[in-house]
Amino acid sequence: MGIDEGLLLAQCDRSLLRTDLARLGRREEGKVRDAYVSDSRRILVVTDRVSCFDVVVGTIPFKGQVLNQAAAFWFEKTAAVAKNHLECVPDPNASVVRNCKTLPVEFVMRAHLTGVTSTSIWTAYARGDRVYCGHRLPDGLRRHEALPGPLLTPTTKAPKGGHDEVVSRAEILSRGLVTEAVFDRAAAIAQRLFAEGRRFAESRGLVLADTKYEMGLDPAGEIIVIDEIHTPDSSRYWVRESYERALHEGTDPIALDKEYVRRWLVEQGYRGEGPPPPLPDPVRCEAARRYIEAYERVTGEAFVPDTEPVEERLARNLRPFEVE
Ligand SMILES: Nc1ncnc2c1ncn2[C@@H]1O[C@H](COP(=O)(O)OP(=O)(O)OP(=O)(O)O)[C@@H](O)[C@H]1O
Ligand SMILES: [Mg+2]
């Protein structure tokens, strides 16, 4: 378990920034994933790009491989709890999924009072707000502390370049983003998945503090979970013992997720405005180490880094899915 530092450093120059696999279908670029779409199928290639404050701030070695494999692990693990889009994983960095009509809402679940961005629940609480996204919060909670119970705090799904906005159930319905029936069914799925994710993370010595689900409608109109699930990009994972200590000492828990990169950027005075400062290799390596540790703790298995030149490998493994 764990990864060789030299290997990580060498991989800094070989990280996957962008793909161009036009033969796989219509290309759509997300902040982290390059998708190739044809008819009912979508190929999601997870690059090494890292986005903070909705801006791509650089790449993290092996991140795409870790995320793709972590999502596949969780999709399989939770398949009985909720249907999901995963069909197969033909490459360490790519998944073939069912293409869906995405719901314009992200289902964020939070079990702890934390966060550093302007829209996070801790930022709101610290400035005195006691209602967050329609939920009443008690006085006297400490930073990072567990909330009285997990809360669904949805956001809009902003188009590229925009920022997601926290919206209550009532606002979502009044804006007509989704119907009441769809919202409530999706909310119930998010609650069930989060309970399962937290229970399992706990058994691995981790706290799944919060996470975000995306959902879509399949051609039959059924709600299915899409994008990624319980990855260190879409979630906050804390080392359990460090959380207990942090609460006691008023410090921060050890975060095995994107928070490390966010905090580094904030220390440089960057919060998403203008061009980001370049991530130094030691910061990229430390971020990679944390992503890998989250993966290994969750799956209980060693991460097997694939160091074959990634573009060539993707082209070969995805050839059976070419459409033109
Ligand atoms: N099965 C699916 N059907 C349709 N769209 C999907 C499916 N799975 C994922 N997507 C969409 O593909 C895109 C994946 O790109 P990416 O993960 O880079 O997302 P993003 O929205 O740009 O960034 P972020 O996840 O940080 O908000 C997202 O817009 C997601 O909604
Ligand atoms: Mg995404």
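Below is a friendly set of questions and answers about a predicted model.

Me: What should I know before I start reading?
Reply: Residues are numbered from 1 along each chain as its sequence is written, chains are lettered from A and ligands numbered from 1 in the order in which they are written, and side-chain values use heavy atoms, with hydrogens and water left out. This is a predicted model, where local features need pLDDT of at least 70, side-chain atom pairs count only at pLDDT 80 or more, and totals for chains, interfaces and linings use all residues.

Me: How many of the residues of α2 are buried?
Reply: Helices here are DSSP runs of H or I with at least four residues, strands are runs of E with at least two, and both are numbered from the N terminus. Helix α2 covers residues 63-77 and reaches 21 Å from its first C-alpha to its last, close to the 21 Å expected; the expected span is 1.5 Å times one less than the number of residues. Buried means under 20% relative accessible area, exposed over 50%, and partly exposed in between, with a 1.4 Å probe and protein chains only. The buried residues include W74 and F75, and α2 is mostly covered, the count being 11 of 15.

Me: Which residues come nearest to ligand 1?
Reply: A residue is near a molecule or strand if one of its heavy atoms lies within 4 Å of it. The shell around ligand 1 divides into 5 nonpolar, 5 polar and 8 charged residues; Ala, Val, Leu, Ile, Met, Phe, Trp, Tyr, Cys and Pro count as nonpolar, Asp, Glu, Lys and Arg as charged, and the others, Gly among them, as polar. Strands β3, β7 and β13 each supply at least two residues of this shell. Of the 18 residues around ligand 1, those that come nearest are K31, V32, R33, R98 and E214.

Me: How much of the accessible area of ligand 1 does the protein cover?
Reply: A backbone N or O atom of K31 lies 2.8 Å from an oxygen atom of ligand 1, and an N or O atom in the side chain of K212 is 3.1 Å from an oxygen atom of the ligand. Accessible areas come from the Shrake-Rupley method with a 1.4 Å probe, and for residues only the protein chains shown count as cover. Of the 620 Å² that ligand 1 has on its own, the protein covers 88%.

Me: How far from the sulfur of C12 is the nearest cysteine sulfur?
Reply: A disulfide is a pair of cysteine sulfur atoms within 2.5 Å, and a search of the whole structure finds 0 of them. C12 is buried at 4% relative accessible area, and C285 is buried at 6%. C12 is in no disulfide, and the nearest cysteine sulfur, that of C285, lies at 3.7 Å.

Me: Which side chain joins that of R284 in a polar contact?
Reply: R284 sits in helix α8 and is buried, with 9% relative accessibility. A polar contact is a pair of N or O atoms within 3.5 Å; within protein, one must be able to donate a hydrogen and the other to accept it, and residues adjacent in sequence count only if both atoms are side-chain atoms. At 2.8 Å, the partner side chain is that of D281.

Me: What is the phi of H230 near?
Reply: Most residues other than glycine have a negative phi. H230 lies in the loop between β14 and β15 and is buried at 1% relative accessible area. Its phi is positive, near 55 degrees.
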